[in-house]
Amino acid sequence: MFKISIKENLEEVRTRIDKALSSKGKTVDDIVLIAVTKTKGVDMINEAIALGTTDIGENKVQEIQDKYEMIEGNPRIHMIGHLQTNKVKYIIDKVDLIHSLDRKSLAVEIQKRAEQKGIVAEVLIQVNVAEEESKFGLKVEEVASFAESLLSYPNIKVKGLMTIAPYEEDPEKTRYVFRTMKELYEEIKSKNYSNFDMEYLSMGMTNDYEIALEEGANMIRVGTGIFGKRNYN
Ligand SMILES: *Cc1c(COP(=O)(O)O)cnc(C)c1O
């Protein structure tokens with residue numbers, strides 16, 4: 001029977017990352033590889049952590065709550081999915097980075113819950129470059145003013161930007177998405193806003209991470225490429 005090898009998959013992904021970054025003189029150690037563990041059991045997650053995974057990503061609050069206590073080795077946990085306002089309270093002190101800040105009501109709630117816990121929540125602003133109906137995120141032209149509005153939230157620290165590119169069989173077709181994001185990232189970074197610390201450009205998934213890295217991603221989110229196909233049943 002076919003069994004996926006997380007070890008071999010991780011080795012392959014790391015090798016491919018090195019290759020994609022070689023022309024920049026960088027390696028996998030210069031970026032953050034998030035192993036996306038949604039739908040995967042804790043055994044697989046802990047195996048990946050034992051193999052050197054430092055960062056894991058989940059897209060559902062419920063899954064973070066279910067798995068949190070059983071995850072070993074203290075990896076950084078990333079909330080990469082759409083976040084409902086009424087669920088912020090369940091994860092605010094469990095996750096290290098929220099990738100999906102995309103509206104004022106969510107910022108208000110994150111501010112409130114972070115303040116209650118006495119922490120500063122680190123977030124990325126999610127951008128929907130291709131303006132796909134099925135995806136969340138701000139339009140490119142909305143990002144600068146939204147970012148500026150976050151200056152009045154002392155318990156929110158903006159660490160960068162995130163996008164999910166449209167799925168294309170030929171990922172070359174999404175290169176413009178990553179290029180647009182890199183420009184936007186540099187634009188916002190250059191403003192040196194006081195409570196921002198622009199450090200991460202989170203883009204690239206199993207199908208397109210090499211293109212994303214070539215265009216300047218320094219944080220990628222890989223699920224299928226590490227853990228195999230997901231079964232949603
Ligand atoms: C599921 C998911 C990923 C990983 O997708 P793969 O194609 O399995 O690598 C990355 N980012 C987000 C936001 C996701 O929901």
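How do the residues of the shell around the ligand divide into nonpolar, polar and charged? There are six nonpolar, three polar and three charged, where Ala, Val, Leu, Ile, Met, Phe, Trp, Tyr, Cys and Pro count as nonpolar, Asp, Glu, Lys and Arg as charged, and the others, Gly among them, as polar. Keep in mind that this is a predicted model, where local features need pLDDT of at least 70, side-chain atom pairs count only at pLDDT 80 or more, and totals for chains, interfaces and linings use all residues. Residues are numbered from 1 along each chain as its sequence is written, and side-chain values use heavy atoms, with hydrogens and water left out.

Now for the shell itself. Among the residues around the ligand are Val36, Lys38, Ile80, Met162 and Gly223; to be near, a residue needs a heavy atom within 4 Å of the molecule.

Some shell residues get polar with the ligand. Thr206 has a polar side-chain atom 2.4 Å from a ligand oxygen, and an N or O atom in the side chain of Arg230 is 2.7 Å from an oxygen atom of the ligand. Arg221 takes a nitrogen atom instead, with a side-chain N or O atom 2.8 Å from it. On its own the ligand exposes 390 Å², and the protein buries 90% of that (Shrake-Rupley areas with a 1.4 Å probe).

Zoom out, and the ligand sits in the largest pocket, meaning that more than half of its atoms lie within 2 Å of the pocket's grid points. That pocket holds about 680 Å³ of space. Of its 25 lining residues, Lys38, Lys135, Ile164, Met205 and Arg230 are the closest to its centre. A pocket here is an open set of points on a 1 Å grid over the protein atoms alone, where a 1.4 Å probe fits, with protein on both sides within 12 Å along at least five of seven lines; lining residues have an atom within 4 Å of a point.

Terms used: Polar contact = N/O pair within 3.5 Å; in protein donor to acceptor, adjacent residues only side chain to side chain. Points joined across faces, edges and corners; volume = space filled by probe spheres on them.
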